[in-house]
There are 2 protein chains.
Amino acid sequence: MNIKQKIETAVKESGGYLCVGLDLNIKRLPEPVKGDTPDELIGFNRSIIESTVDFTAAYKLNLAFYEALGEIGFYVLKGSIDCIPKDRLIIADGKRGDIGSSAAKYAEAIFDKLGADMATVNPYMGYDAVEPFISRKDKGAFILTLTSNPGASDFQLQGEPQMLFESIASKVVEWNVSDNIGLIVGATQQDYIARVRSIAPELPLLIPGIGAQGGDLERAVSGTMVEWDGISLINSSRGIIYASSGKDFAEAAASAAKKLRDSINQILKKYEQK
Amino acid sequence: MNIKQKIETAVKESGGYLCVGLDLNIKRLPEPVKGDTPDELIGFNRSIIESTVDFTAAYKLNLAFYEALGEIGFYVLKGSIDCIPKDRLIIADGKRGDIGSSAAKYAEAIFDKLGADMATVNPYMGYDAVEPFISRKDKGAFILTLTSNPGASDFQLQGEPQMLFESIASKVVEWNVSDNIGLIVGATQQDYIARVRSIAPELPLLIPGIGAQGGDLERAVSGTMVEWDGISLINSSRGIIYASSGKDFAEAAASAAKKLRDSINQILKKYEQK
C-alpha cells in the first residue's frame with residue numbers, strides 16, 4: 001500500500017482527520033499510571049491508543065520526548081509504535097535533516113528500526129536531506145513549512161517576492177513525484193495557512209498548534225479542506241493524552257478525541273452547505 | 001568552565017583545530033574489529049579516540065549513525081562519549097530543531113543524558129528552537145548556517161539583498177550573549193565561507209566537508225582564521241576513522257589525525273608570515 005492509500009484508509013477507518021500526538025512526558029502522567037518503568041510508560045501509551053483509535057487516523061510520536069528518557073527511550077518508543085494498528089498512519093516526528101548519507105541513516109532508524117510510515121523532515125539543507133525519506137513509495141515525509149511557534153517569523157516569513165515558507169512549499173510540490181510528501185503548517189499561522197494550501201492544493205497537510213498553542217480550528221479546517229482536494233490531519237497532543245489526570249484518563253482521552261474528530265467534521269459539513 | 005574556555009582549552013591541549021567525526025558505520029568497520037555487539041562498537045570508538053586524542057580538540061558524533069543501530073544505539077553512543085577525555089570538546093551532531101518545549105527535551109537528552117558539551121541545531125524554526133541549547137553557559141550550540149551538501153543551494157543561497165545563510169549568521173551573532181554559539185559552514189562553500197566569517201568575526205566555526213566531500217582545506221583555514229579572532233574547528237570523519245581497514249586502523253587514524261592537525265597549523269603559519 002502506498003502512502004496516499006495508507007492515509008486515505010486511515011481517514012476512512014477512523015471517520016475523520018484527527019492526529020493524536022503521543023508526547024510522552026513523565027512529569028504529566030496521570031496519577032494512576034505514575035511509575036516510570038519502560039513497560040509502564042508503554043502501558044500508558046497503549047491505553048491512550050486503544051481508547052482513541054476509533055476516532056484517530058494518525059498517531060504522531062515526537063521523538064524528543066522519548067530521547068529525553070535516555071537509555072530506555074528506544075524501547076519505549078518502539079513498544080508504543082507496536083501498539084498502533086496497521087491501518088492507522090504512524091508519524092515519527094523528529095524533524096530530521098542532514099546530508100544524504102546521514103539522512104539515509106535517519107530514514108533507516110525511523111522506517112526500518114522503528115516501523116513508522118512517515119517522518120517529519122526539516123528542509124533547510126535542501127533536496128538531498130529529504131530524498132532518503134521519500135525514495136520508497138510505502139514511506140514518506142511531512143516537511144516543515146510554516147511552523148506554529150513564535151520563532152517561525154525569524155526566517156520562515158522572510159523573503160521577497162516569495163517568503164521562505166512559500167519557496168519551500170513550491171519546491172516540495174516539485175519533489176512529490178511519488179505522492180508521499182506532505183507539508184506541516186501551524187494552526188497558529190492564520191494569515192498564511194490558506195496560502196500554503198493554494199501552493200499545494202493536493203498535498204496532505206499536517207496541522208499542529210490547535211489547543212495549547214492557540215490555533216483556531218475552524219480557520220485551519222475551512223482554509224485547507226473546504227474546496228480543496230488535499231486533506232489535512234489536525235494534530236492534538238496534550239489536549240487529548242492529558243485530558244484527565246485521574247483514573248478516567250483513558251475515557252477522557254477517548255472523549256476528547258471523539259469531540260475533536262467530530263468538531264472537524266462539523267466544520268466541513270457547515271462549509272459544504274454554504 | 002564555560003564553553004568558550006572549554007574550546008580554548010581543547011585547542012591548546014591538542015595543539016590545533018582538528019575535530020574528528022565519529023560516524024560509526026558498521027559496514028565500514030576495519031576487518032580486525034568486525035563484530036557488532038555494543039561493546040565491540042564502543043571498543044572501536046575507544047581505539048580511535050585513544051589513538052587520536054593527542055591531535056584532536058573536538059569529537060563530533062553524528063547521531064544518525066547511532067540511531068540507525070536501533071535499540072543498542074543509545075548505549076553505544078553514551079559509551080563512546082564516556083571514552084572522550086573531559087578536556088576535549090564533545091559535539092552531539094543531531095541537527096535538532098523544534099518548538100521550545102520539544103527543543104528543551106532534546107537539550108535534556110543531549111546535555112544531561114548523553115553528557116555532550118554542544119549540540120548542532122537547525123535554525124529553521126527560529127529563536128525558541130535554539131534557546132534551550134544556549135541557556136546554560138557550560139553548554140552550547142553550533143547552528144547550521146551554510147551546509148556542505150548539494151541541496152544547500154535550494155534555500156540557503158536564496159534571498160536578496162541578504163541570502164538566507166547571511167540572515168541566519170547575523171541573527172545568531174545577536175543571540176550569542178553567553179559566548180556559547182558557533183556556526184556550521186561547509187568547506188565546500190568556497191565562495192561564501194569568508195562571508196560567514198566577516199558577519200561573525202568572533203564566533204567559533206565548525207567546518208565539515210574536507211576530504212570525502214571535496215572541500216578545500218587551505219581556503220577554509222585561510223578564509224576563516226587568518227586575520228580573524230574567531231577559531232575554526234576543521235572536521236574530518238571518514239578520512240580519519242577509516243584511514244585503514246587493516247590491523248593498523250588505530251595507528252592509521254592517529255597518523256591521519258596528526259597530519260591534518262599539522263596541515264592546518266602549517267597553513268596558518270604560512271599566511272601569518274605573509
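Chain A and chain B touch through 45 residues from chain A and 45 residues from chain B, where contact means that C-beta atoms, placed from the backbone, lie within 7 Å. This is a predicted model, where local features need pLDDT of at least 70 and side-chain atom pairs count only at pLDDT 80 or more, while totals for chains, interfaces and linings use all residues. Residues are numbered from 1 along each chain as its sequence is written, and chains are lettered from A and ligands numbered from 1 in the order in which they are written.

**Where the chains meet**
- On the side of chain A that touches chain B, H5(A) gives the largest share, seven residues. (Helices are DSSP runs of H or I with at least four residues, strands are E runs of at least two, and both are numbered from the N terminus.)
- Sorted by class, that side has 19 nonpolar, 16 polar and ten charged residues. Here Ala, Val, Leu, Ile, Met, Phe, Trp, Tyr, Cys and Pro count as nonpolar, Asp, Glu, Lys and Arg as charged, and the others, Gly among them, as polar.

**The barrel in chain B**
- Eight strands of chain B form a closed barrel, in the order E1-E2-E3-E4-E5-E6-E7-E8, with parallel pairing; strands pair if DSSP finds at least two bridges between them.
- Strands E3 (residues 89-96) and E4 (residues 118-121) of chain B run parallel and are joined by three bridges.
- Which residue of E4(B) is the bridge partner of B:Ile91? That partner is B:Met118.

**Two packed helices in chain A**
- The contact of H5(A) with H6(A) includes A:Gly100 and A:Ala103 of H5(A), and A:Asp128 and A:Phe133 of H6(A).
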